[in-house]
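Please keep the sequence and the structure in view while reading.

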Amino acid sequence: MELNTVFKLVQKFTQDVPLILMGTGGTIPYGIPGMFQLSEHLITQLGPKYSFDNEWVEFQERLKKGQDLESALTGLNLLEEIMYDITRSTWELVAKYDLQLFHKVLKDEITLSIGKLLKAMCVPHPKQVNVITTNYDRVIEYACDQFNLSVNTLCAGRYMRMIDIELAKGKRKVNLLKVHGSLDWFEHSNGSIYSIPLQAIIPEQMHPKIIPPGSEKYRSIAQPPCRDVIHIADDYIAKAESFLCIGYGFNDEQIQTNIISAIRKGKPIVVVTKKLSDSALKMISMNATNYVIIQENDIAGYTDFLMKDVKHSEKGEFWKLEEFYNILI
């Protein structure tokens, strides 16, 4: 298959403003920690404190053997105080690097390619794009500011913002749903939930409103505001004409179940990632007829394009967002 033919197929699948799904693979290139770095951080920060707890020791051993954080936490009944500390330690690590990125953006030291892509997506009718992310970081918000795009994060107010689900009915250029919470979201000891931007430390009397990996996340997602955000995400998925997944690992049943249902009916999906897991690759190839998976080849400097019964390899790093953007223009 000619490369130009592959490019035209990608352009065809994304021409009707796809719903964008962003995972950790989409923000690691900007310095945001991934699961491996987070695993090491948790072992260092919490290992000595909970060495007495058998469940923690098992969790820690799973991480040391190379299990991903999601798998390592699954099936364990960790103490509530351990999960409390995991959430706070996770927030502290991601917030540290997120704020470093923010200051790089302020000093114009970096251009966030996702912003360039979102700006291009906002040109066709209806001149807006819906984005769902499982990330806590603010990369998408920074990118929207950098490219002068208005963004709706479902938060109303100036400094102590409150989450307002009704804002989902409004029209901004970028509608952003953070289904696992945000670095900005905190639950006060009085039960109120606030969005407080750009905190370097967790405010007193507050706890980060983010959902850590593992089986615990299913209980957390059933609570507001994530429960309400998931419902809006379901609506976005149902109305989407196609899907563009950037660094998304397909590890979230609450989201991907409806996406799988949609691609079974023929809705196109394009996946851009460094390397898709075997399970995710099987999931897409068995359910979709209209798909393109763009990932790094085993040979550095080359890219694989995987389609139905077709594989095309080409020199170039089209799995990187900057290069992928060039396919669309």
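## Terms and basis

A residue is called buried when its relative accessible area is under 20%, exposed when that area is over 50%, and partly exposed in between, with a 1.4 Å probe and protein chains only. Helices (H or I, at least four residues) and strands (E, at least two) are DSSP runs, numbered from the N terminus.

The model is predicted, and local features need pLDDT of at least 70, side-chain atom pairs count only at pLDDT 80 or more, while totals for chains, interfaces and linings use all residues. Residues are numbered from 1 along each chain as its sequence is written, and side-chain values use heavy atoms, with hydrogens and water left out.

Two strands are taken to pair if DSSP finds at least two bridges between them. By that rule, 9 strands form an open sheet with mixed pairing, in the order β3-β6-β2-β1-β10-β11-β12-β13-β14. Because β3 (151-152) and β14 each have a single partner strand, they stand at the edges, and one side of each is left without a neighbour in the sheet.

Strand β2 (residues 129-133) is mostly covered, with 4 of its 5 residues buried. β2 pairs with strand β6 (residues 174-178) in the parallel sense over 5 bridges, and here asparagine 130 stands opposite asparagine 175 in β6. Strand β1 (residues 19-22) also pairs with β2 in the parallel sense, over 3 bridges, and methionine 22 stands opposite threonine 133 in β2. β1 is joined in turn to strand β10 (residues 243-246) by 4 bridges in the parallel sense, with leucine 21 opposite cysteine 245 in β10.

## The five-stranded sheet

A second open sheet has 5 strands in the order β4-β5-β8-β7-β9, and its pairing is antiparallel. The edge strands are β4 (155-156) and β9 (206-210), each of which pairs on one side only. Strand β7 (residues 181-188) and β9 run antiparallel and are joined by 4 bridges, and glutamate 187 stands opposite histidine 207 in β9.

## Pocket and cavity

Both kinds of space are found on a 1 Å grid over the protein atoms alone: a cavity is a set of points where a 1.4 Å probe fits but cannot get out, a pocket is an open set with protein on both sides within 12 Å along at least five of seven lines, and lining residues have an atom within 4 Å of a point. Grid points are joined across faces, edges and corners, and a volume is the space filled by probe spheres set on the points.

The largest pocket holds about 1,100 Å³ of space. Its lining has 48 residues, of which Gly23, Thr24, Gly25, Gly26 and Gly247 lie nearest the centre. The elements that give two or more residues to this lining are α2 (35-46), α4 (69-73), α5 (80-106) and α12 (321-328). With Ala, Val, Leu, Ile, Met, Phe, Trp, Tyr, Cys and Pro counted as nonpolar, Asp, Glu, Lys and Arg as charged, and the others, Gly among them, as polar, the pocket lining divides into 23 nonpolar, 16 polar and 9 charged residues.

The structure holds 1 cavity of 30 Å³ or more. Among the residues lining the largest cavity are Met22, Thr133 and Lys178, and helix α7 (residues 139-146) gives the largest share of that lining, 3 residues. The cavity lining divides into 3 nonpolar, 3 polar and 3 charged residues.

## Aromatic pairs

Rings of Phe, Tyr and Trp (its six-membered ring) pair if their centres lie within 6.5 Å, and planes under 30 degrees apart count as stacked, over 60 as edge-to-face and the rest as tilted. The count comes to 9 aromatic pairs. Phenylalanine 7 and phenylalanine 318 form an edge-to-face pair, 5.4 Å centre to centre with 70° between the planes. Phenylalanine 7 lies in helix α1 (residues 3-14) and phenylalanine 318 in the loop between β14 (310-315) and α12, so the pair ties together parts that are 311 residues apart in sequence.

Phenylalanine 7 is buried at a relative accessible area of 17%, and phenylalanine 318 is buried at 11%. Elsewhere, ring pairs link Tyr50, Phe52, Trp56 and Phe59 into a cluster.

## Cysteines

With a disulfide defined as a pair of cysteine sulfur atoms within 2.5 Å, the count comes to 0 disulfides. For cysteine 144, which is in no disulfide, the nearest cysteine sulfur is that of cysteine 122, 7.5 Å away; cysteine 144 is buried, at 0% relative accessibility. The sulfur of cysteine 226 lies 11 Å from the closest cysteine sulfur, in cysteine 155, which is too far for a bond, and cysteine 226 is buried with a relative accessible area of 2%.
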